[in-house]
Amino acid sequence: AALPAVDAALRHVAHALLSDAARDDVAAGRGLSAGLPPAAAVRAALDYLRDRVGTPRDLSVHAGHQLRAHLNLVADAFEEASAAA
């Protein structure tokens with residue numbers, strides 16, 4: 001049931017990384033879909049990925065830091081958007 005929400009959250013992470021989206025845009029939850037399944041499930045999925053990204057095995061140290069930061073940012077924004085809905 002949480003798969004569409006996790007997919008949307010990961011798409012936001014990719015968009016923020018690729019477009020250099022403003023932190024305020026992501027933090028404000030712009031474009032996050034309201035009414036999606038529990039934010040706890042999304043948070044758990046993003047935290048799982050964040051905790052298992054290996055540097056330098058999977059990517060460079062800098063890229064790993066950026067990925068982890070964006071995963072946290074989107075997870076926080078998703079929780080705020082879900083709470084506001």
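Which residues have the most contacts inside the largest nonpolar core? I checked this in a predicted model, and the answer is Val 42 and Leu 46, in a core of 13 residues.

α1 (3-19), α3 (39-52) and α4 (61-84) each give two or more residues to the core. The top contributor is α4, with 5 residues.

Then I followed Val 42. Leaving out residues up to four places away in sequence, I found Val 42 touching Ala 5, Val 6, Ala 9 and Phe 78.

Which residues of α3 are buried? I noted Ala 39, Val 42, Arg 43, Leu 46 and Asp 47. They cover an arc of only 125° around the axis, so they sit on the same side of α3. On the other side of α3, I have Ala 40 and Tyr 48 down as exposed. The buried residues of α3 pack against α1 and α4.

Last stop, His 70, which I placed in helix α4. Is His 70 buried or exposed? Its relative accessible area is 14%, under the 20% cut-off, so I logged His 70 as buried. Again skipping residues up to four places away in sequence, His 70 touches Val 13, Ala 16 and Leu 17.

How values were computed: Residues are numbered from 1 along each chain as its sequence is written. This is a predicted model: local features need pLDDT of at least 70, side-chain atom pairs count only at pLDDT 80 or more; totals for chains, interfaces and linings use all residues. Side-chain values use heavy atoms; hydrogens and water are left out. A nonpolar core is a set of buried Ala, Val, Leu, Ile, Met, Phe, Trp, Tyr and Cys residues joined through side-chain atoms within 4.5 Å. Buried means under 20% relative accessible area, exposed over 50%, partly exposed in between (1.4 Å probe, protein chains only). Helices (H or I, at least four residues) and strands (E, at least two) are DSSP runs, numbered from the N terminus. Contact means heavy atoms within 4.5 Å. The arc is that of the directions from the helix axis to the C-beta atoms.
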